[in-house]
Every structure is written in C-alpha cells, then in structure tokens.
Amino acid sequence: MADPTVPDSKTPVHLIPGDADRPPQPGIALCLSGGGYRAMLFHSGALWRLNELGYLSKLDRVSSVSGGSITAGVLALNWNRLAFDAQGVATELTTEVIAPICAMANVDIDIPDILKGLFLPGTVADKVVASYKEHLFGQATLQDLPDKPRFVINATNVQSGALWRFSKPYNADWRVGVVPNPNTLLAVAVGASSAFPPVLSPARLKLDPNSFTPGSGAELQREPYTSDVFLTDGGVYDNLGLETAWKVYSTILVSDGGGHLAPEESPDTDWAHHALRVNDLIDNQVRSLRQRQLIDSFTSGERTGTYWATRSDMAHYPAAGTLPCPFAATQKLAAVPTRLTSLDDTTQKRLINWGYAICDAAMRGHVVPGGAAPASFPYPAAGVGDA
C-alpha cells in the first residue's frame, strides 16, 4: 500500500503530504524542542529512559527544532546501529548516540563560528554547518536516515513565514512546494534548524527550481522562493517541534528543553542585548501557547501522550518511585544559557540525568503507569545538583 505521506508527482499538493484535514492516525510521535546544548543533553537523557521503557523502538516520527535537532540528527544517523533486542530496547544507545552528543557538548561552536563568519570567507551559518560536519555528521545526507521512524528536522522560512521541513522523503514548505527525495546534507538541515537569530541566522539554501514537484506549493512556487531559500531557527515558528507531529499522530510525547525566563529588574538597553531579551520573550510566549494547546488536548482526550520540560516540577507527576530531583536544583539546570558552547562534565551529566528522570516521571505517570521505576540516574554520582 502506498504511503499517504509521500508526495505523488502526478497529483497537485496544496498541503504538505500527510497534513490533510483528517483525524490523527494511530502512531507515536516524539517532539524535541530547541534550547542549545542544554536541550541537546536534556533530550539525550529522555531518549535514554524512553529506550529502557521500550518506547524508542515504537516511535513513528521524531520531529525536532533547533538544539533538539542536534539530538535528533545523531539519533537518526545512527539508528540502524542501535541493535534493538527482542524487547525493542536498543543495546547500543549510549555508544552510538549519548557518547557523540556528550563529545559535541565539549565543543564551542557559537562564538568561534561567529568570529569565523565575520572575518573569513563565507557566512556564520556556513561555519556552523562545517562544525556539524566535522564533529557529528560528515557527508551524510537525508537519504542516509531510516524510513521508520520518520525524522523531520524543522526550520523557519524567512521568505514565506512558514515551516520548512527537512526529511528523507521530501523537503517542503506548504507555500513554496515539495522537493522529493532530497540529497540535502544532514549537517545543513541541522544547521538551518539551529540557526539562532540574530547571530547564527540566516542559513541559505541554493536549490534547483525544477526539483520541486509541480503544483505542490500554494502560491509561492516560483523563483526566487524555489531557488534561493533563507532559513532561520525552527523554534521561531514552532519551538516545541509540535506541528509536524500533531497533524498526523494520535500519541504525542514532547520533551521541552527550553530555558527558564527570569525577570530582569534592569534590562540592557543596547540593541544587541535588548534584541536577545525580546527574542527570549517571544520564544517564551509561543512556547506557552503551544504547551497549553498540547495539555488541553490531553485533558480533552483529543490526543494521548505526555509532556515534560526542564522547568517541570517532579512533584506534579503522579508516578511512584521517581528519582530525587529537588525543584530548586532542576531550575538551575533550566537556567543553563541557550548556547552552542561547551559545558563542563558535571553539568552535562546532570542535564542528562534530569531529562532521564523527568521523562520517567511523565511516561510512568501518564503513558505506562505499570512501568518499573528506575534504580538510579544514568550518572548516579552527579545527580541533578543541590537544592
């Protein structure tokens, strides 16, 4: 039977394939939010616990933005090396996914690549892509990703104002159109998804207009929209990576690695710091609206699943036998800056531990209430820090 989410070049498509107005289909989608290295590590801990619960192998889709796309990209590229056992548990997750992510967390990207982009040929976005190629993805393309689960790496199209989706079957923007079977470098997709504005943005794609499926865009399937595409961080449009999962599947799991927005008594007034603060305010508000949409859907029964975040309070989840995570300590982790800059070993381990623990509480509280409680953190000596 044909996959209904793969574009048919004979049929005009004025929506992204699979986004038709229909009830959600049975299936499980995992959404990985933005949040720089903080989110990258937090999501890694969540993957660790999902795997132990047997849910990693059950995923039909992984939708990601920004820092979450780094984690998703590593998981996708190494999926076929995870060695799932008879119970659907990957025996090589720590080797193939956690280890390279921790190695990445030792690498400074943002400031060095900004300086390279300012003083050397090429853009800042080009330098970030080069770093991802060097440290994680090499020359791998979207065609090196697995067919299942479907990985969707999301960026924001600055020209159309819509979501730009990178995936193995197609790249797409509902207004511009669909490019089937793209050979886009995985490093380019992750680089565009994590092009934090204003300093790492925009990422620029040069495309062949003839590569688009005819009639697949709503009203912008023409040059320069189809030849010279300007992209920014996927979190600008959808900072939970929710949309590409929400429109298709009935069970939604969301790992939110977004930071803690603290009040500022005396905010900076220079244009650079002021712009960053305003970006944080916009991100926080959009994130809150998406979160409410999600929680309301769980409450109404429209969707099943669960949500966990760096800012969550463990006490609000009904699971028994949760790991000790003092709220004051976890909020310190939520306050780790949204950067692509190296983190010390203890902070790395604590972020992974926190993602592991709160994912466990959310999953056993709302999805698998009969699941066995974990014996300890992945890194027991590190915990999540002091209250």
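Analyst: Let's start with a definition: a residue is buried under 20% relative accessible area, exposed over 50% and partly exposed in between (1.4 Å probe, protein chains only). This is a predicted model, in which local features need pLDDT of at least 70, side-chain atom pairs count only at pLDDT 80 or more, and totals for chains, interfaces and linings use all residues. Residues are numbered from 1 along each chain as its sequence is written, and side-chain values use heavy atoms, with hydrogens and water left out.

User: Thanks! What makes asparagine 181 count as buried or exposed?

Analyst: Asparagine 181 has 52% relative accessibility, and the cut-off is over 50%, so this residue is exposed. Asparagine 181 sits in the loop between strand E6 (177–180) and helix H6 (186–193), and has a positive phi near 50°.

User: And what makes serine 66 buried or exposed?

Analyst: The relative accessible area of serine 66 is 3%, which is under 20%, so serine 66 is buried. Serine 66 also has a positive phi, near 55°, and lies in the loop between strand E2 (61–65) and H2. Most residues other than glycine have a negative phi.

User: How do you know what span is expected of helix H3?

Analyst: The expected span is 1.5 Å times one less than the number of residues. H3 (residues 93–104) has 12 residues, and its first and last C-alpha atoms are 16 Å apart, close to the expected 16 Å. Its buried residues are Leu93, Glu96, Val97, Ile98, Ile101, Cys102 and Met104.

User: What covers the buried residues of H3?

Analyst: Among the elements covering them are helix H1 (36–52), helix H2 (67–77), helix H5 (124–137) and helix H10 (345–366).

User: Why is a set of residues called a nonpolar core?

Analyst: The name applies because its members are buried Ala, Val, Leu, Ile, Met, Phe, Trp, Tyr and Cys residues joined through side-chain atoms within 4.5 Å. The largest nonpolar core has 90 residues, and Tyr132, Phe166 and Trp308 have the most contacts inside it. H10 gives the largest share of this core, 10 residues. A second, separate core has 14 residues, including Ala29, Leu240, Trp246 and Val254.

User: What makes a space a cavity?

Analyst: On a 1 Å grid over the protein atoms alone, it is a set of points where a 1.4 Å probe fits but cannot get out; lining residues have an atom within 4 Å of a point. The structure holds 1 cavity of 30 Å³ or more. The largest cavity is lined by Ala162, Leu163, Arg165, Trp174, Tyr237 and Glu243.

Definitions and conventions. Helices (H or I, at least four residues) and strands (E, at least two) are DSSP runs, numbered from the N terminus. Contact means heavy atoms within 4.5 Å. On a 1 Å grid over the protein atoms alone, a cavity is a set of points where a 1.4 Å probe fits but cannot get out, and a pocket is an open set with protein on both sides within 12 Å along at least five of seven lines; lining residues have an atom within 4 Å of a point. Grid points are joined across faces, edges and corners, and a volume is the space filled by probe spheres set on the points.
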